[in-house]
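Subject: Structure handover

Hello,

Here is the structure I promised to pass on. Please open it first, then read my notes below.

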Amino acid sequence: YLVGPGQVRNISIGGAEVLTKHEITVGDSVTVSIPTRLCPEDMCMPKSFVGPAHVIRVSEVQDRLKRVTVAFDESMTQNMEFAVYVDFLRSISLVMD
């Protein structure tokens with residue numbers, strides 16, 4: 001069982017790419033918790049989206065740091081609020097570029 005932070009580098013409705021120092025391998029099942037603190041209050045989002053995912057890719061970046069790609073399970077990919085949140089993140093990332 002693994003608990004700890006990861007830095008999301010890329011996210012879509014289907015999955016995410018995360019940087020982490022955890023020992024993790026392809027095929028592992030994980031539970032992700034994605035906070036929504038970037039959302040304005042009027043979007044009425046939950047404090048976080050929590051759901052299952054599975055690891056589909058792992059690559060070493062540097063000294064214990066790994067780039068991990070996870071695919072979200074259906075409870076996330078079929079969640080309309082989560083889809084709105086991911087679209088919101090995409091829209092603010094375009095503004096920040």
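Strands here, like helices, are DSSP runs (E, at least two residues, for strands; H or I, at least four, for helices), numbered from the N terminus.

Before going further, some ground rules. This is a predicted model, so local features need pLDDT of at least 70 and side-chain atom pairs count only at pLDDT 80 or more, while totals for chains, interfaces and linings use all residues. Residues are numbered from 1 along each chain as its sequence is written, and side-chain values use heavy atoms, with hydrogens and water left out.

**The sheet**

β1 and β2 pair in the antiparallel sense over four bridges. Two strands count as paired if DSSP finds at least two bridges between them. I11 has A16 in β2 as its bridge partner.

How many strands form the open sheet, and in what order? There are five, in the order β1-β2-β5-β4-β3, with antiparallel pairing. β1 (7-11) and β3 stand at the edges with a single partner strand each, so one side of each has no neighbour in the sheet. Neighbouring strands are turned by 40° against each other on average, direction ignored. For such angles, axes are lines fitted to C-alpha atoms (for helices, over the stretch in contact), and angles run from 0 to 180 degrees between N-to-C directions.

Now the other pairings:

- β2 and β5 are antiparallel and share six bridges; T20 has K66 in β5 as its bridge partner.
- β4 and β5 run antiparallel, joined by eight bridges. V55 stands opposite V70 in β5, and S59 stands opposite R67.
- β3 and β4 run antiparallel, joined by seven bridges. S29 has H54 in β4 as its bridge partner.

β4 and β5 also form a hairpin, with two residues between them. R64 in that turn has a positive phi of about 70°.

**The core**

Is β2 enclosed or open? Five of its six residues are buried, so β2 is largely enclosed by the rest of the structure. Buried means under 20% relative accessible area, exposed means over 50%, and partly exposed lies in between (1.4 Å probe, protein chains only).

The largest nonpolar core has 21 residues. A nonpolar core is a set of buried Ala, Val, Leu, Ile, Met, Phe, Trp, Tyr and Cys residues joined through side-chain atoms within 4.5 Å. I34, V70, F72, F82 and Y85 have the most contacts inside this core. The elements giving it two or more residues are β2 (15-20), β3, β4, β5 (65-72) and α2 (80-96). α2 gives the most, with five residues.

Take I34. Beyond residues up to four places away in sequence, I34 touches I11, K47, S48, F49, F72, M76, F82 and Y85. Contact means heavy atoms within 4.5 Å.

**Two loop residues**

T36 sits in the loop between β3 (29-35) and β4 (48-62). T36 counts as buried because its relative accessibility is 6%.

D73 sits in the loop between β5 and α1 (74-77). At 29% relative accessibility, D73 counts as partly exposed. Leaving aside neighbours within four places in sequence, D73 is in contact with P52, A53 and H54. D73 and L89 are 16 residues apart along the chain, and their C-alpha atoms are separated by 20 Å.

Best wishes
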